[in-house]
Amino acid sequence: FLEQSSNYRLDVALKLCEQRRLYPEMVFVLGRMGNAKQALALLLEQIRDVPQAILFCQSQGEEELWESLISHCLSRPDLVAPLLNDIGAHVDPVKVVKRIPLGMRIEGLREKIKKIISDYHLHMSLREGCEKILKSDVVGLARRANKQQRRAVRLDASARCGITGAAVVRGKDNFLLPPYPDVVVFFGGRAFQEEALVSLCQSEKAAAALKPGLKKEAITGSRAALAA
């Protein structure tokens, strides 16, 4: 109910969960209230579920929570083993291993260290692979967008300036004849005579700012190819 509905007051829900000692529900409500540290403390002290605590820290994405999780687990020998089993893909394992107190006995420590390093390297390898794919996609999409923007825009004989109503295309076979007028065609298909568009501005300063902007936003100049 708490996850599927939002029609309740968080403070009232938290109070009811506290009265009934519903610790997992309290963690969820505290997380929604922004009390992430208190929720993490419940997971470690009351529920004592380290894997769930790791997932909670991952969902919150706060560096302080990871630090609190590691510090708490390293102070409790019974929580170090579960920490090493599941944290390898999220935190640099060297930082965790270096902080293990000298003399602390941990069952199967060698195998756990192997696993945490393996998980970390696998995670980094997958991350690097994803980054390469994303970079390739970005370059491909940028080239595709550039190609689309450089395409000629077709204007038929009925095209008229959206301000003055004058014909934009004139001459035999719908080609421009000299003297070439300055034509601005937006990607939406609307065409304007540049002189009329600039004069529409209310001040000389606004007109001066508009002219260079048109070169970036529209296809200008009568020498641009007009697709038949």
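The sulfur of Cys57 lies 8.8 Å from the closest cysteine sulfur, which belongs to Cys73, and that is too far for a bond. A disulfide is a covalent bond between the sulfur atoms of two cysteines, and here the cut-off for such a pair is within 2.5 Å. By this rule the count of disulfides comes to 0. Keep in mind as you look around that this is a predicted model.

Helix H3 covers residues 36-47 and helix H4 covers residues 50-60. Their axes are 9 Å apart, and the two helices pack at an angle of about 165°. Angles over 145 degrees count as roughly antiparallel, and H3 and H4 are therefore roughly antiparallel to each other. The crossing in which H3 passes H4 is right-handed.

Now step back along the chain to another helix pair. Helix H1 (residues 10-20) packs with helix H2 (residues 23-33) at an angle of about 155°, and their axes are 9 Å apart. H1 and H2 are therefore roughly antiparallel to each other. Their crossing is left-handed, whereas H3 passes H4 in a right-handed one. From H1, the residues that meet H2 are Leu10, Ala13, Leu14, Cys17 and Glu18; from H2 come Glu25, Met26, Val29, Leu30, Arg32 and Met33. This contact of H1 with H2 has 8 nonpolar and 3 charged residues, and no polar ones. Here too a cysteine takes part: Cys17 is one of the H1 residues in the contact. With a relative accessible area of 6%, Cys17 is buried, since anything under 20% counts as such.

For a last stop, leave the helices and find Val168 in the loop between helix H8 (109-149) and strand E1 (183-185). Ser158 sits 10 residues away from Val168 along the chain, and the C-alpha atoms of Val168 and Ser158 are separated by 8.2 Å.

Conventions
Residues are numbered from 1 along each chain as its sequence is written. This is a predicted model: local features need pLDDT of at least 70, side-chain atom pairs count only at pLDDT 80 or more; totals for chains, interfaces and linings use all residues. Side-chain values use heavy atoms; hydrogens and water are left out. Axes are lines fitted to C-alpha atoms, for helices over the stretch in contact, and angles run from 0 to 180 degrees between N-to-C directions. Helices (H or I, at least four residues) and strands (E, at least two) are DSSP runs, numbered from the N terminus. Angles under 35 degrees count as roughly parallel, over 145 as roughly antiparallel, 65 to 115 as roughly perpendicular and the rest as oblique. A crossing is left-handed if the near helix is turned anticlockwise from the far one by less than a right angle, and right-handed if clockwise. Buried means under 20% relative accessible area, exposed over 50%, partly exposed in between (1.4 Å probe, protein chains only). Contact means heavy atoms within 4.5 Å. Ala, Val, Leu, Ile, Met, Phe, Trp, Tyr, Cys and Pro count as nonpolar, Asp, Glu, Lys and Arg as charged, and the others, Gly among them, as polar.
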